[in-house]
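Please look over the model below before reading on. The text then takes it apart piece by piece.

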There are 2 protein chains.
Amino acid sequence: MKKALIFGMGGFVGKYMADELMQSGYEVYACSRFDKHDNVYDGWYNCDLNNSEQVKNVIAEVGPTHIINLAGQSNVGISWRIPKLTIETNVCGAINIIEAVHECDLDSSILMIGSSEEYDASDKALSENSKINASNPYGISKMMLGLFCEIYRKRYGLKLHYVRTFNHTGIGQNDNFVIPSWCKQVASITKSGKPGCMYVGNLDIVRDFSNVKDIVRAYRMIIESKDCSITYNVGSGNQVSLKEILNHVVSLSDQQISVQIDSKLLRPIENPYICCDSSLIRDRLGWKPQYNIFETVEEIYQYYMNKH
Amino acid sequence: MKKALIFGMGGFVGKYMADELMQSGYEVYACSRFDKHDNVYDGWYNCDLNNSEQVKNVIAEVGPTHIINLAGQSNVGISWRIPKLTIETNVCGAINIIEAVHECDLDSSILMIGSSEEYDASDKALSENSKINASNPYGISKMMLGLFCEIYRKRYGLKLHYVRTFNHTGIGQNDNFVIPSWCKQVASITKSGKPGCMYVGNLDIVRDFSNVKDIVRAYRMIIESKDCSITYNVGSGNQVSLKEILNHVVSLSDQQISVQIDSKLLRPIENPYICCDSSLIRDRLGWKPQYNIFETVEEIYQYYMNKH
C-alpha cells in the first residue's frame, strides 16, 4: 500500500497534492500546524514542523512510503520582513523531517520543494544547469535546503528528491500573492457596481506561471521516479509579464478600473525575468502542463466573484 | 574615537581580536552569552546573539564604529550533530546584528566570518574565485551567511565585510578541535611519565593552518579597508597533512606513544585537501602571516604541559 504523508496541509498546495495522490491510489495522511479542517484523508495530524519531537512522532506512527514537504514560508516579499523565520521553517523544519526518517530507519521517498528564486538573474530560460545565486532571503533559504538534501542524501543514502518549482497559482492561494490579490480586488470592484481603483507593484517583471494542478502532478511523478539525484525544474515554459496578467484580470470586469502603484508592493531587489526551461522533466518523466494560465486566472476571478 | 564591539567573546578568537584592536588604539566592547570573565575591556555585555532585542540594545548603547562577529558554532564535526543550532547561530544570529545596525541607523563597519569549508572540494589552492559548494552543515551555514551579507549590503548599503577564513589555532582553542586535542593528549602522556595511547581521526587530510594572531590581524585590516564588496580568503598558503602535525606533536614528548584511529572522529564526508590561495589579501592589503604552524603547535603543547 502506498501511504503518503503531506506536511504543510494548512497551505495552498496541500489540498491539490492530496487530491492528486488519492486519485493515484495513495492513502493520504495530512500534517499541519492548524487544527483538522476536513476528514476526507486517512489521517490528520496537528504538528509543528519546527518541533522535531512532533515531526518524529507523526512519521513513526504513519510509517509513510512517501513524504511530501509543502510546509514553509513561500512569499518572497514577506521573507525580507521575517528572514529568520523563513530560514527556520524552510530549512530547519525540513531537516526535522529528514532526520526523523533516518532515525526511524524508514525507506520513505521524500520530496523537498525548492524554487526558481534560487537561480541567478538571467535573461534566458533557466535550466537545471543555470547558475544558482539567490537574491532574496526566500531564495537563499531554498538554496540552502537544496544543499542540505544533497549532503543528507550522500550521508544516509535517503531517497531524498529535490525540485525547483516556478511560480504557480490557483484557487486557495493566499491573496498576498499577486494573482489572487488582483483577482480579489477586481472582483470586489465588479461586485460594487461602481468604477474603482486597484493597487499593484512592479508590472514589468516577467514570470513563468503554472496552474497548481500541473505542479502537483509533477511532484507525484518526481517522487515516484527512481533516481533521486536528479533535481528537476518544474514550470510551464510560458513567459508572461505581470502587465499581461493584469490586463487580463481587468478585462474580466465590466467596471472602469484605474491602477495605482503601491510602493509597499515594490521589492528592494527583484529579478526582472524568470522563465523555466523544463525540457528535463518533459524528456525524462513525460510531464507537460495541461492548463493555461489565463484560464487559471479566470477560475480564480470567478472564485472571488462567487465568494461572499 | 574607534569603538569596536566584538560578538562571541566567550569563544577562542575573541581575546586575540580584542588584543589586536586595543594595540591599534580601539576602545573594545565585548559581548558574550557568558558572564563577564575579566575587566580589561571598555565594556562587557552579557548578550545572546539569538536574542534580537538583546543584540539591538547592546548595539544601540555602544554605538560602535566597528563590529566583529566571532560568535557561532564553528566545529564541522559538531555541525553534523546539531545542524539546526549551527544554522540558527551562524545565520540567524548574524542577521540580528545586521538588522540592529540598520534599525539603529548606524554607520558601523561590520565584519562577518565565513570559511574555507564553503568551497567545493578541489586539489588546487582555493582562491576567492573557486567554486562554492559546501559539503557539511557548517559550510552550508557559512555559505548562507555570505549570501545574506551580499543581499543586505545591496539592500541597505551597509559597510558589511565578509571574509573566508581557513583553519587556525592557538592557545585557548577548544580541545574538540584537532590540534589542541592532540597537544592535550600528548602532554597528558608526557606528564604521566609512562608510555601511552592517543586517539585520532583521519590523518590523510591536508589543511592550511594559521596562527590565530595572524588571522585577527587580517580581520582588523579587512574591516578597516574601504571596499567592503571584496570577499578575502585568509590563510597562510602553507599546506600540511594532519599526519605531519601529529608526528610533530608526538616528537615533543619523551614517552612512547601509540596512535589509534577512533571511528567517532571520522566524518561522513570530508574534503581530503583544503589549502588557501591568499594572493588577493597579500596584494591588496599587504597582509602576510608572521607565525609558523609548527611553532604554534609547540606553544599549545607547552600550554597543556604547564596546565594543572
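What follows moves from the overall fold to the interface, then to single residues.

This is a predicted model: local features need pLDDT of at least 70, side-chain atom pairs count only at pLDDT 80 or more, and totals for chains, interfaces and linings use all residues. Residues are numbered from 1 along each chain as its sequence is written, chains are lettered from A and ligands numbered from 1 in the order written, and side-chain values use heavy atoms, with hydrogens and water left out.

Start with chain A. Its secondary structure comes to 10 helices and 13 strands. Both are DSSP runs, numbered from the N terminus: helices are H or I with at least four residues, strands are E with at least two. The C-alpha trace spans about 60 × 45 × 40 Å along its principal axes. For 308 residues, a compact globule would have a radius of gyration near 19 Å; chain A has 19 Å, so the two agree. That radius is taken over C-alpha atoms, and the globule rule is 2.2 Å times the number of residues to the power 0.38.

How much of chain A is buried? Of its 308 residues, 57% count as buried. Buried means under 20% relative accessible area, exposed over 50%, and partly exposed in between, with a 1.4 Å probe and protein chains only. Among contacts between residues at least 6 apart in sequence, 77% join residues at least 24 apart. Contact here means heavy atoms within 4.5 Å.

Now the interface. In chain A, 29 residues are in contact with 29 residues of chain B. The size of an interface is often given as the accessible area lost when the parts come together. Here the buried area is about 2,500 Å², and carbon and sulfur atoms give 76% of it. Buried area is the accessible area (1.4 Å probe) that two parts lose on being put together, summed over both. A salt bridge is a side-chain nitrogen of Lys or Arg within 4 Å of a carboxyl oxygen of Asp or Glu. Between the two chains, 2 residue pairs are in polar contact, both at pLDDT 80 or more. A polar contact is a pair of N or O atoms within 3.5 Å; within protein, one must be able to donate a hydrogen and the other to accept it, and residues adjacent in sequence count only if both atoms are side-chain atoms.

Which elements of chain A give two or more residues to the side that touches chain B? They are helix 4 (83-103) and helix 5 (137-156). Helix 5 of chain A supplies the largest share, 12 residues. By class, this side has 17 nonpolar, 6 polar and 6 charged residues. Ala, Val, Leu, Ile, Met, Phe, Trp, Tyr, Cys and Pro count as nonpolar, Asp, Glu, Lys and Arg as charged, and the others, Gly among them, as polar.

Salt bridges do occur elsewhere. One joins A:K159 and A:D107, with the closest N and O atoms 2.9 Å apart. A:K159 lies in strand 6 (159-165) of chain A and A:D107 in the loop between helix 4 and strand 5 (109-115), so the pair ties together parts 52 residues apart in sequence. A:K159 is partly exposed at 33% relative accessibility. A:D107 is exposed at 58%.

In chain B, B:R220 and B:E224 meet in a salt bridge at 3.0 Å, N to O. Both lie in helix 7 of chain B, 4 residues apart, about one turn of the helix. B:R220 is buried at 15%, and B:E224 is partly exposed at 35%. In chain A, salt bridges that share partners join A:E20, A:R220 and A:E224 into one network.

Turn to helix 1 (14-23) of chain B. Its buried residues include B:Y16, B:M17 and B:L21. Their cover includes strand 1 (3-7), strand 2 (27-32), strand 4 (66-69) and helix 7 (212-224) of chain B. The helix is followed by B:G25, whose phi is positive, near 85°.

Two last residues. B:Q255 sits in the loop between helix 8 (242-251) and strand 13 (257-261) of chain B. Its side chain reaches the backbone oxygen of B:G193 at 3.4 Å. B:I300 lies in helix 10 (293-306) of chain B and is buried, at 1%. The C-alpha atoms of B:I300 and B:Q255 are separated by 18 Å.
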